[in-house]
Amino acid sequence: MSVYDKLKDLGIALPPVATPAAAYVPFVQTGNLVFLSGHIARRDGKAWVGQLGKTMGTEEGKAAARAIAVDLMGTLQAAVGDLNKVKRIVKVMSLVNSTPEFTEQHLVTNGASELFAQVFGDRGAHARSAFGVAQIPMGACVEIELIAEVG
């Protein structure tokens, strides 16, 4: 089954690449690796604002991370032209806007990791880091960046 068939089965339509909010590009390819800049969580076209452990719980954070994964796949498609060319999701780095007491950043990030596994199968299994941070641009609850190998 192609990546696009899986996306269709999940009811996911990929968005176009978002315009960068600062002095950077949305992706860079070097050799067979594509590096995607950090994508913040968005809801209803605006930053999904919140702080885990204060104004949001783990499940809402997980939904925000899943929404970012959809945006990341839209950017990855723009970078490589066809998501079926993705050989591997190599690395995911997740920043979770959270209180010092919140310790479930890894569970929040599962929202993205689980979707990549659903869409790409074994090619979606990746190395990962999940950090709690004091703030993310525009007050977003989660930001995720990605590295993929293409062929």
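**Figure 1. Arg-43 and its salt-bridge partner, Glu-60.** In this predicted model, Arg-43 counts as partly exposed, because its relative accessibility is 38% and that value falls between the limits of 20% and 50%. Its side chain meets that of Glu-60 in a salt bridge, with 3.3 Å from N to O. The pair links distant parts of the chain: Arg-43 belongs to strand β3, Glu-60 belongs to helix α2 (residues 58–80), and 17 residues separate them. Glu-60 also counts as partly exposed, at 30% relative accessibility. If you wonder what brings such partners together, remember that side chains of opposite charge can pair when their charged atoms come close.

Figure 2. How many salt bridges does the structure hold? The count is 2, and here we look at the one between Lys-62 and Glu-114, whose closest N and O atoms are 3.2 Å apart. This pair, too, links distant parts of the chain, with Lys-62 in helix α2 and Glu-114 in helix α3, 52 residues apart. Lys-62 is partly exposed, with a relative accessible area of 23%. Glu-114 is partly exposed as well, and its relative accessible area is 39%.

**Figure 3. Gln-105, a residue of helix α3.** Helix α3 covers residues 105–120, and Gln-105 lies in it. Is Gln-105 buried or exposed? At 11% relative accessibility it counts as buried, because the limit for that label is under 20%. You can look for its surroundings in this view: leaving out residues up to four places away in sequence, Gln-105 touches Val-96, Ser-98, Ala-130, Phe-131 and Gly-132.

**Figure 4. Ala-125 and the residues it meets.** Ala-125 sits in the loop between α3 and β6. Which residues does Ala-125 contact, once neighbours within four places in sequence are set aside? They are Arg-88 and Ile-89. Ala-125 and Arg-88 are 37 residues apart along the chain, while their C-alpha atoms are separated by 7.5 Å. With a relative accessible area of 38%, Ala-125 is partly exposed.

Figure 5. Asp-44 has a phi near 55°, a positive value in a residue other than glycine. You will find Asp-44 in the loop between β3 (42–43) and β4 (46–47). Asp-44 counts as exposed because its relative accessibility is 71%, and the limit for that label is over 50%. Met-138 is another non-glycine residue with a positive phi, near 65°. It belongs to the loop between β6 (127–133) and β7 (142–150).

**Figure 6. A nonpolar patch on the surface.** Which residues form this patch? They are Val-25, Val-28, Leu-33, Phe-35 and Val-90, and together they have about 360 Å² of accessible area. Take Val-28 as a landmark: it is found in strand β1, which covers residues 27–30. Val-28 is partly exposed, with a relative accessible area of 44%.

**Figure 7. Stepping back to the whole chain.** After the close-ups, here is the setting they share. The chain has 3 helices and 7 strands. Starting at the N terminus, you can trace the elements in the order α-β-β-β-β-α-β-α-β-β. The C-alpha trace spans about 40 × 30 × 30 Å along its principal axes. A compact globule of 151 residues would have a radius of gyration near 15 Å, and the chain agrees with this, as its own value is 15 Å. Of the 151 residues, 42% count as buried. Among contacts with a separation of 6 or more, 82% come from residues 24 or more positions apart. The chain exposes about 7,400 Å², and carbon and sulfur atoms supply 54% of that area.

Figure 8. In an unreviewed entry, UniProt lists residues 8–149 as "domain: Endoribonuclease L-PSP/chorismate mutase-like". Over residues 8–149 the chain is 29% helix and 30% strand. The C-alpha atoms at the ends of this stretch are 23 Å apart.

Methods:
Residues numbered from 1 in each chain as written. Predicted model: local features only at pLDDT ≥ 70, side-chain atom pairs only at ≥ 80, totals over all residues. Heavy atoms only, no water. Patch = residues over 30% accessible without salt bridge, like charges linked within 9 Å, V, L, I, M, F, W, Y side chains within 5 Å. Areas by Shrake-Rupley, 256 points an atom, 1.4 Å probe, with all protein chains shown as cover. Salt bridge = Lys/Arg side-chain N within 4 Å of Asp/Glu carboxyl O. Helix = DSSP H or I, 4+ residues; strand = E, 2+ residues; numbered from the N terminus. Buried < 20%, exposed > 50% of the residue type's maximum accessible area, 1.4 Å probe, protein only. UniProt positions renumbered as here; feature names shortened; annotations may be inferred. Rg over C-alpha atoms; globule rule 2.2 N^0.38 Å. Contact = heavy atoms within 4.5 Å.
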